[in-house]
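Welcome! Take a moment to look over the sequence and the 3D view, and then we will walk through a few spots together.

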Amino acid sequence: MRFDAAVLRSYGSPFSVEEVVLDAGPAEGEILVRIAGCGMCRTDLAVRRSAGRSPLPAVLGHEGAGVVVETGGPDTGLSTGDHVVLGFDSCGHCRTCLSAAPAYCDSFASLNLFGGRTEHAARFRDVAGGELAPRWFGQSSFAGYAMVPARNAVRVDASLPVELLGPLGCGFLTGAGAVLNSFGVGPGDTLAVFGAGAVGLAAVMAATAAGAVTVAVDRFPERLALAERFGAVALRAGSSGLADRIRDRTDGGAQYALDTTGSAPLINDALRALRPTGHLGLVARLRSALPLEPGSLDRGRRISHICEGDAVPRLFVPRLTGLWQAGRFPFDQLIRTYPLTDINEAERDCEAGRVVKPVLIP
């Protein structure tokens with residue numbers, strides 16, 4: 001079959017929307033999904049800075065959602081016509097997968113970031129016959145269709161706006177999962193969120209839904225206004241005495257802090273803003289060594305990396321859609337849709353902070 005996809009051919013070039021070819025239908029354990037919408041995540045854009053580790057040419061995109069059009073046999077647990085949200089890839093049989101921690105799969109990096117599944121890789125190519133890199137995050141969903149391991153798909157209610165649901169598989173799942181899964185935030189808890197982008201604002205919404213007191217820190221006034229709309233106290237990044245002001249607003253210090261920026265100064269501010277035994281979670285990939293100020297980890301404070309919100313997508317995505325239906329997780333207010341043909345405009349808007357979550361519509 002032939003369909004349009006956004007292909008990245010070099011690390012410095014724009015995306016090109018072109019026809020691609022899929023030579024075979026689903027193998028055992030796979031499903032073919034017609035993509036209704038795919039979120040653009042900063043992890044997609046980070047391929048440009050991967051120093052050659054992510055193979056090109058490739059079709060990126062890992063926040064896809066759509067409709068199943070074909071299955072690779074009865075053992076997929078899915079049927080033609082099912083609406084699905086697509087999540088990250090995992091092997092399903094390593095120790096961490098078997099411990100219900102698929103985000104820490106032993107093969108996470110190779111399956112999602114650095115090549116993808118190599119089985120049947122040659123069936124995906126451009127119209128000139130050139131091979132495209134194996135599936136990005138098990139999906140490659142900047143495209144009209146995606147061939148996906150059924151393990152990575154979450155069936156959702158067909159009455160939901162499927163074209164908007166893709167970011168629940170990664171960005172929104174990461175922020176909300178950090179709050180509800182990793183931290184276990186509950187009523188009256190205190191949380192500081194550093195970075196009010198898609199992940200940070202999802203964390204703010206989840207914390208508000210859980211009844212927590214939340215402070216959001218960002219440098220963009222428009223994003224701070226969104227954080228306030230979703231129930232947070234807004235503070236400008238870079239202002240003096242930031243940690244002291246967070247402590248003032250959280251009754252002596254936040255119990256939890258989430259950094260989505262990867263900024264060493266903000267990470268140190270986050271640690272200073274914690275109360276004793278407080279927990280700081282990092283979701284952004286650090287690009288350099290992280291110097292910690294003396295005493296920042298004293299009195300039981302701790303720091304950890306959180307991947308994909310510690311979520312099991314088949315359990316957590318329905319929880320998020322349920323919160324949305326109840327009016328308590330309004331993720332749709334963060335989305336702006338673009339035709340797939342406008343992918344380069346979406347990338348520019350994302351990098352400039354003009355949009356929180358672009359969603360591409362094939």
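In this predicted model, the side chain of R42 comes to 2.7 Å from the backbone oxygen of C350. R42 also has a polar contact of 2.9 Å with the side chain of E351. From there, we can go on to the cores and a pair of helices.

**Around R42**
- You can find R42 in helix α1, which covers residues 42–45.
- Setting aside neighbours within four places in sequence, R42 is in contact with C350 and E351.
- G116 is 74 residues from R42 along the chain, and their C-alpha atoms are 18 Å apart.

- In soluble globular proteins, nonpolar side chains tend to be buried together.
- The largest nonpolar core here has 53 residues, and F172 and F329 touch the most other members.
- Several elements supply at least two residues each to this core, including β9 (153–156), α4 (171–182) and α9 (313–325).
- Which element gives the most to this core? That is α5, with 11 residues.
- Beyond its neighbours within four places in sequence, F329 has contacts that include L168, F172, M205 and W324.
- Another core, of 51 residues, lies apart from this one, and F3, L8, M40 and I343 are among its members.

- The axes of α7 (residues 242–249) and α8 (residues 264–273) come within 8 Å and cross at roughly 35°.
- The crossing of α7 past α8 is right-handed.
- On the α7 side, L242, A243, I246 and R247 meet L266, D269, R272 and A273 of α8.
- The residues of this contact comprise 5 nonpolar, no polar and 3 charged.

How values were computed: Residues are numbered from 1 along each chain as its sequence is written. This is a predicted model: local features need pLDDT of at least 70, side-chain atom pairs count only at pLDDT 80 or more; totals for chains, interfaces and linings use all residues. Side-chain values use heavy atoms; hydrogens and water are left out. Axes are lines fitted to C-alpha atoms, for helices over the stretch in contact, and angles run from 0 to 180 degrees between N-to-C directions. Helices (H or I, at least four residues) and strands (E, at least two) are DSSP runs, numbered from the N terminus. A crossing is left-handed if the near helix is turned anticlockwise from the far one by less than a right angle, and right-handed if clockwise. Contact means heavy atoms within 4.5 Å. Ala, Val, Leu, Ile, Met, Phe, Trp, Tyr, Cys and Pro count as nonpolar, Asp, Glu, Lys and Arg as charged, and the others, Gly among them, as polar. A nonpolar core is a set of buried Ala, Val, Leu, Ile, Met, Phe, Trp, Tyr and Cys residues joined through side-chain atoms within 4.5 Å. Buried means under 20% relative accessible area, exposed over 50%, partly exposed in between (1.4 Å probe, protein chains only). A polar contact is a pair of N or O atoms within 3.5 Å; within protein, one must be able to donate a hydrogen and the other to accept it, and residues adjacent in sequence count only if both atoms are side-chain atoms.
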